[in-house]
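Let us walk through this protein step by step. Keep the structure in view as you read.

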Amino acid sequence: AMDSKALREALLGKLPDYMVPAAFVTLDSFPLTPNKKVDRNALPAPEEVPLETTGPRNALETQILTIWKQVLGLDSIGVYDNFFALGGHSLLAIKLFSQMEPVFGKLPVALLFEFPTVAEMAAKLKEGGLKARWKSLVAIRPTGSRPPLFLVPGVHGNVMYCTQLALALGSEQPLYGLHSVGVDGEAAPLEAIEQIAAHFLSEIQTVQPHGPYNIAGACMGGTVAYEMAQQLHAQGEEVATLLLIEAWMPSSVEMKRLSSSPLYRGMMFLSMRTRQHVQAFRKCRGWENAVYLLRLSRLLKEAIARKRMHDSFRAEIVKQALVHTNFLAMAQYAPKPYAGSAVLIIAGENQIEPELDPRLGWKSLSGGAVIHRLEGASGGVLLREPIVGHLARCITDSIQANFESIGAAGK
């Protein structure tokens, strides 16, 4: 029989905590579809496997664990259980730290990458280790045998999107992510692509003072990565790999969507949520309507009682303000020709005529471009399973090829 504990310990020696599964399932063979592909729907659900110590061992762990249970909606969480393995994601992370703030003070959401369990978080809080200043750079995986890769965020300014990509890239790929200024709602977002790029470079160079650099950006992050490469070249630094993932040219941003006020965007958020509930209600049949309304009223009453409504609304307003500022910065950015080369990774299902495709405009601006079209993928799923594995291999192969080219040129 498989020793789950030993397997988990072995993986912890290779992977960050948040990438190690909470449970393992032994199969004689994978269930297959008629097309001989893995039938994911037929895979058995893992049984809940208790870790070494599940209960809180002191008052501090009890405090934190209580908040985790409320945010994740789970009754049973161990102090060694991983936030991401329990179903945590970026929005829940924001809610978690919002509920922790009255007790522990303002903490950067990115700390979940470094301390993703109750035990680790409590230990660092006890020694004051979580009180460090907020910074954009997040060490997702600081070790590995390959050259480091820096991931630039999209319009939402949050690096939480890359958890599946980090896993797919493997334990030998050092990986750093970046959070936008303003993602926590404490500082005003930077208003120009040039400013954003310069800020990110100042943080990157605290861990890698000189090139060759590997920089990747998805969506708007591609535009910022492009400007970062421009500024590095101006500093006399070498950029080994510039990866633009489903990155549309700034000229494709519609200015009319950027004229709304913060109040208008707040009302649009409320309207969107109301519309979602109306659509869900319409799908109900018979007695399900009454059940849905009863459940919604209870959730609303609970949200008001615990001030969750205020927290959620504030988090959404902060997010929308950052998105709006980022879109405006992108629309006003005029990219100049780039002396280096770029790797363009585009989703194959977004079928656009080549001469009209705004994702390919970077090709005419760069000194050379390699285009990878990931078939069967739309822009929204590139960073999720099962496509993220193909994306990771594309990134790894590009970095390796470029560094081999640099090595050959230096001989």
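Start with helix α2 (residues 59-72) and helix α5 (residues 118-126): they pack at an angle of about 130°, and their axes are 9 Å apart. Bear in mind that this is a predicted model.

Which residues of α2 and α5 make the contact? From α2 come Leu 60, Glu 61, Ile 64, Leu 65 and Trp 68. From α5 come Val 118, Ala 119, Met 121, Ala 122, Leu 125 and Lys 126. Sort the residues of this contact by type: nine are nonpolar, two are charged and none is polar.

Now stay with Trp 68, one of the α2 residues in that contact. Its ring has a partner. A pair of aromatic rings is described by the distance of the centres and the angle of the planes. For Trp 68 and Phe 83, the centres are 5.6 Å apart and the planes stand at 80°, an edge-to-face pair. Where in the chain do Trp 68 and Phe 83 sit? Trp 68 is in helix α2, while Phe 83 is in the loop between α2 and α3 (90-104). They are 15 residues apart, and the pair links distant parts of the chain. Are Trp 68 and Phe 83 buried or exposed? Both are buried.

The count of aromatic pairs comes to four. Look also for Tyr 226, Tyr 338 and Trp 362, which form one aromatic cluster.

Next, find helix α7 (residues 193-204) and helix α8 (residues 220-234). Their axes come within 9 Å and cross at roughly 70°. Angles from 65 to 115 degrees count as roughly perpendicular, and α7 and α8 are therefore roughly perpendicular to each other. Here α7 passes α8 in a right-handed crossing.

The α7 side of the contact is made by Ile 193, Glu 194, Ile 196, Ala 197, Ala 198, Phe 200, Leu 201 and Ile 204. The α8 side is made by Met 220, Thr 223, Val 224, Glu 227, Met 228, Gln 231 and Leu 232. By type, eleven residues of this contact are nonpolar, two are polar and two are charged.

Finally, step back to the whole protein. It has 13 helices and seven strands. Of its 411 residues, 42% count as buried. Take the contacts between residues at least 6 apart in sequence: 75% of them join residues at least 24 apart.

Methods: Residues are numbered from 1 along each chain as its sequence is written. This is a predicted model: local features need pLDDT of at least 70, side-chain atom pairs count only at pLDDT 80 or more; totals for chains, interfaces and linings use all residues. Side-chain values use heavy atoms; hydrogens and water are left out. Axes are lines fitted to C-alpha atoms, for helices over the stretch in contact, and angles run from 0 to 180 degrees between N-to-C directions. Helices (H or I, at least four residues) and strands (E, at least two) are DSSP runs, numbered from the N terminus. Contact means heavy atoms within 4.5 Å. Ala, Val, Leu, Ile, Met, Phe, Trp, Tyr, Cys and Pro count as nonpolar, Asp, Glu, Lys and Arg as charged, and the others, Gly among them, as polar. Rings of Phe, Tyr and Trp (its six-membered ring) pair if their centres lie within 6.5 Å; planes under 30 degrees apart count as stacked, over 60 as edge-to-face and the rest as tilted. Buried means under 20% relative accessible area, exposed over 50%, partly exposed in between (1.4 Å probe, protein chains only). Angles under 35 degrees count as roughly parallel, over 145 as roughly antiparallel, 65 to 115 as roughly perpendicular and the rest as oblique. A crossing is left-handed if the near helix is turned anticlockwise from the far one by less than a right angle, and right-handed if clockwise.
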